[in-house]
Amino acid sequence: MPEGPVRRVVPLAPDVTELAFAVGAGGLIVAAPPAADFPPEVARLPRVAPNDAEAILALRPDIVLATTAGNDPRVVQRLRQLGTRVCSMDVTSFARLGDACRLAGGVLGFEAEGEILGRKVDERVDRATARALALPKRNALYVVWWEPLIVAAPGTFHDDMLRRAGLANLAPGSVGRYPRVDLELLLDPLLQVVVAPDERDLHESYARTIGSAAGARLASGEVRVFWIPADLANRPGPRLPGALEALVAAREAEESQGSEDSGQGTRARGREAMSAAGSKTQSPATQGRSR
Amino acid sequence: MSAARRTPLLRARALSGGYGGDDIVRGIDLEVAEGECVAVLGPNGAGKSTLLRLLAGILPANTGEVELRGRSLRFWRRREVAREVGLVPQSVSFAFPLTVAEVVQQGRAPHLGPWKPPSPRDHAAVDAAIARVGLSGRRTAAIQHLSGGERQLVLLARTLASEPRLLLLDEPTAALDVRHQLEFAGIVQQLVAEGVGAVLVAHDWNFALRLAHRLFVLHHGRVAASGWPTEVLRGDLFREVFGVEVEVLQREGGAPTVLPRRLAES
Amino acid sequence: MRRGADLTLVVVLLAAAAAGLVFGGPAAPPGEALAALSGGGTPEVRAIVLGLRLPRLALALFVGASLALAGAALQALLSNPLADPFLLGISGGGAAAATAAYVLLPAAALGAVPAAAMVGAAGSTALVWWMARGPLGPSSTRMILAGVAVNAATSAAILTMLALAPSPRLPGVIAVTMGSLASATAGQVAWLAPYVVVPTFVLLLHGRDLGLLATGEESAAALGVEVVTVRRRVFLAAAALCGGAVAFAGVIGFVGLVTPHLCRLVWGANTRRLLPRAALAGAALTALGDLLAHRVLSPTELPVGVVTALLGVPFFVLLLRRAP
């Protein structure tokens with residue numbers, strides 16, 4: 001594997017593209033994957049398909065950046081066999097985000113920037129996580145699609161985000177990372193919170209869901225829905241801490257509103273908040289509905 | 001039996017027809033009366049089966065007419081024709097396992113509406129047909145388990161179950177052994193004696209001569225000869241149409257026998 | 001034995017229907033669901049049982065009956081035990097159109113996907129009919145060949161769209177191609193009803209004709225069947241049944257092929273008797289399959305087409321070994 005100054009970089013996924021720009025190596029990128037859309041400078045770059053090994057090789061990259069969260073490992077292997085230097089990054093959890101930044105900085109020749117970025121990212125994540133500790137624990141789902149109902153399972157960065165925001169993921173862990181689940185899960189009395197990316201497509205299908213029998217608890221407010229910025233939450237890149245911060249902030253706002261407000265709808269939420277926070281009293285809303 | 005006494009059941013007049021607008025048979029004039037058996041013979045590709053389908057009305061005529069009981073087939077509905085005319089095909093493939101009784105039962109279709117279950121009368125007709133072909137003991141056997149000869153008898157029974165007045169038989173004994181051929185011939189003879197008309201398409205001259213009162217010989221889609229066996233069975237006919245030299249043996253009180261001798265000199 | 005078999009079929013169907021209404025998520029456990037069915041229960045439980053589970057069950061019954069009935073009719077029409085609405089490309093067109101609609105339409109217009117599926121099914125039906133035409137009208141052999149060709153083309157189209165689909169839409173596309181009854185609503189069931197009832201009537205009307213056609217078009221014609229008319233009506237009815245099924249439930253592939261065979265093993269091959277029983281058996285099989293699909297790994301949902309295949313095969317093997 002050739003070592004030496006890195007002058008030509010090819011990232012194979014939007015998240016590692018963002019990472020490369022974030023450590024300052026944007027000028028070294030010779031081509032970007034079609035799905036990359038941040039930062040705006042990416043628009044000027046030519047595109048290369050992430051599984052087109054021939055086209056990637058034709059660009060004569062000094063290093064190829066791949067992600068474990070979506071690039072075909074066979075293509076990666078192929079490129080390595082043909083002598084290309086490939087750096088595969090794992091950015092699927094918040095804990096590894098800082099390390100990924102440092103790694104990116106290291107291989108691209110921007111160690112100092114990588115170090116700074118990694119530290120900043122870690123700080124933001126830790127701060128947000130700490131803030132969330134003050135919030136009551138709730139049961140939640142991260143919804144990727146409403147029709148059919150698709151949620152994020154344990155092992156995904158979405159799941160990690162929920163847990164760091166003080167939410168317990170109700171999604172089943174057995175089958176796949178983004179399983180399709182029964183609509184009746186929305187009516188599960190244990191469910192208290194739903195988190196979804198703020199996209200028009202999802203809002204449209206949400207409107208249909210909330211009008212159907214499955215959306216009864218969503219419509220009544222028993223289940224609180226948090227919409228977080230989609231372009232932050234949809235890919236595990238250096239902006240991911242922003243998604244976590246947004247979610248924690250939204251929860252904080254909702255909690256403070258709940259304790260000030262004495263209206264009927266919010267009283268029910270307040271009662272459920274107390275019962276879910278570990279108190280042993282059964283509120284009328286949850287009595288008789290034990291699983 | 002004089003021709004004048006018998007009413008023509010089916011009559012073809014200047015009939016031409018075939019597949020896809022082409023004419024395979026041309027200018028056919030043919031008549032069958034009740035209680036009469038007419039045999040249609042000819043070399044391969046002469047159009048015998050096509051003629052039969054035209055007579056049954058399942059192939060529309062291009063020019064000319066087929067008249068059933070004096071009325072053109074164009075004005076008959078399929079079901080009405082099926083109640084009068086029964087076509088026994090050469091063979092039928094059964095994609096799904098049916099019992100003998102179920103197959104023969106299908107023959108009652110022209111008499112049954114879409115929602116009516118079969119009546120006792122229908123069951124009686126089915127039983128009678130099965131009995132006539134001598135398969136009463138095998139009513140519940142699966143058709144796939146029957147021999148070729150027995151299957152052909154079942155097809156005959158199916159046609160008989162619709163109680164037709166005219167039988168159209170398309171080389172019914174082509175794949176049968178001698179025993180079943182004679183059985184079949186006996187049943188058809190009996191029916192004709194009872195007044196059913198029959199048009200028999202055959203390869204086998206001797207089988208046809210057993211049953212037929214009159215003969216039609218087709219050649220390249222046209223009638224090469226027609227009439228009584230004594231008129232038709234001439235050496236030069238065989239030479240021209242079939243390209244063979246034959247010897248015709250006449251027996252006292254029996255059907256003539258045709259013996260092929262050798263290929264004709266061209 | 002046949003009378004007992006009829007009774008067993010009805011009992012199984014009713015049991016499958018009841019199970020589909022009673023078993024579900026923890027918000028409406030079986031005891032409360034039963035109460036809701038007999039008029040009691042809380043409004044929430046009633047909403048779940050009647051607003052969520054009942055439409056889903058109704059859709060499963062409609063779709064299962066449609067597919068099995070269409071399969072039985074097509075097998076008779078084409079004298080071919082392998083005939084199946086999916087093999088003949090009917091649902092391929094519906095699925096391809098639904099996939100295209102799902103990928104291309106803006107989210108607000110996604111309600112038009114079933115309509116697209118119907119149009120697609122009609123289109124592939126017309127295409128198969130046109131490709132199969134011959135001097136005497138479409139022949140069965142040519143229909144099968146044309147169907148295989150159209151099926152291959154639509155499968156290729158679907159796979160291409162799957163590869164190019166933007167990832168948010170992918171789950172919906174997979175729901176179409178692997179079958180899903182999850183988004184059933186009462187409105188959908190109402191929409192589907194005429195596409196089930198009318199073709200069913202047409203097929204039952206021609207039950208005897210189909211039995212004759214199964215032994216060959218010529219012998220059927222000789223026994224009074226208007227072959228050209230019946231063939232057209234049956235093909236259109238089968239296409240309508242399948243188009244409706246694909247439009248609202250996606251591709252559920254095993255029911256149309258196997259249910260008629262299972263029924264033949266029990267009731268014999270008389271097509272007129274077979275058709276209504278195949279419809280009921282298909283309904284029961286699909287309802288049971290859907291129940292298992294969303295209960296077995298609850299709350300994860302399996303594609304219902306996979307479950308019906310897994311259910312059907314061992315049952316089929318069992319019956320085949322018993323048959324003489």
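Reader: Let's start with chain A: what share of its residues count as buried?

Author: For chain A, 47% of the 291 residues count as buried. Keep in mind that this is a predicted model.

Reader: And what's the secondary structure of chain A?

Author: Chain A has eleven helices and eight strands. Among contacts in chain A with a separation of 6 or more, 58% are between residues 24 or more positions apart.

Reader: Tell me about helix α5 of chain A. How far does it reach?

Author: Helix α5 of chain A covers residues 111-133, so to speak 23 residues, and reaches 33 Å from first C-alpha to last. That is close to the 33 Å expected at 1.5 Å a residue.

Reader: Which residues in that helix are buried?

Author: In α5(A) the buried ones are A:Gly114, A:Leu117, A:Gly118, A:Val121, A:Val125 and A:Ala128.

Reader: Where are the cis peptide bonds in chain A?

Author: One is from A:Phe38 to A:Pro39, with omega near -5 degrees. A:Pro39 sits in the loop between α1 (14-22) and α2 (53-58) of chain A. Another joins A:Glu147 and A:Pro148, with omega about 5 degrees, and A:Pro148 is in the loop between β4 (138-145) and β5 (150-151) of chain A.

Reader: OK, interfaces. Which pair of chains shares the most contacts?

Author: Chains A and C do, out of two pairs of chains in contact. There, 26 residues of chain A are in contact with 25 residues of chain C. Helix α7 (residues 200-211) of chain A gives the most to the chain A side, with four residues. By class, that side of chain A has 14 nonpolar, three polar and nine charged residues.

Reader: How far apart are the closest C-alpha atoms of chain A and chain B?

Author: They lie 41 Å apart, and no contact joins chain A and chain B.

Reader: What about chain C against chain B, how many residues does each put in?

Author: The contact takes 24 residues from chain C and 24 residues from chain B. On the chain C side, α9 (207-213) and α10 (217-222) of chain C are the elements that give two or more residues. The chain C residues touching chain B divide into ten nonpolar, ten polar and four charged.

Reader: How many helices and strands does chain C have?

Author: Chain C has 14 helices and zero strands.

Reader: How does the radius of gyration of chain C sit against a compact globule?

Author: It agrees: a compact globule of 324 residues would be near 20 Å, and chain C has 20 Å. Along its principal axes the C-alpha trace of chain C spans about 65 × 55 × 35 Å. Buried residues make up 57% of chain C. Of the contacts in chain C between residues at least 6 apart in sequence, 74% join residues at least 24 apart.

Reader: Switching to chain B. What's the strand order in the six-stranded sheet?

Author: The order is β6-β7-β8-β3-β9-β10 (chain B), in an open sheet with mixed pairing. At the edges are β6 (85-88) and β10 (222-227) of chain B, each pairing on one side only. The twist averages 15 degrees from one strand to the next.

Reader: In what sense do β6 and β7 of chain B pair, parallel or antiparallel?

Author: Parallel, over four bridges between β6(B) and β7 (residues 166-170) of chain B. The bridge partner of B:Val85 in β7(B) is B:Leu166.

Reader: Which helix lies across those two strands?

Author: That's helix α5 (residues 148-161) of chain B, which runs at about 170 degrees to β6(B).

Reader: Is B:Ala14 buried or exposed?

Author: B:Ala14 is exposed, with 12 other C-beta atoms within 10 Å.

Conventions
Residues numbered from 1 in each chain as written. Chains lettered and ligands numbered in written order. Predicted model: local features only at pLDDT ≥ 70, side-chain atom pairs only at ≥ 80, totals over all residues. Contact = placed C-beta atoms within 7 Å. Nonpolar A, V, L, I, M, F, W, Y, C, P; charged D, E, K, R; others polar. Expected span 1.5 Å × (residues − 1). Buried ≥ 20, exposed ≤ 12 C-beta atoms within 10 Å, placed from the backbone. Pairing = 2+ DSSP bridges. Axes fitted to C-alpha atoms, helices over the stretch in contact; angles between N-to-C directions. Rg over C-alpha atoms; globule rule 2.2 N^0.38 Å.
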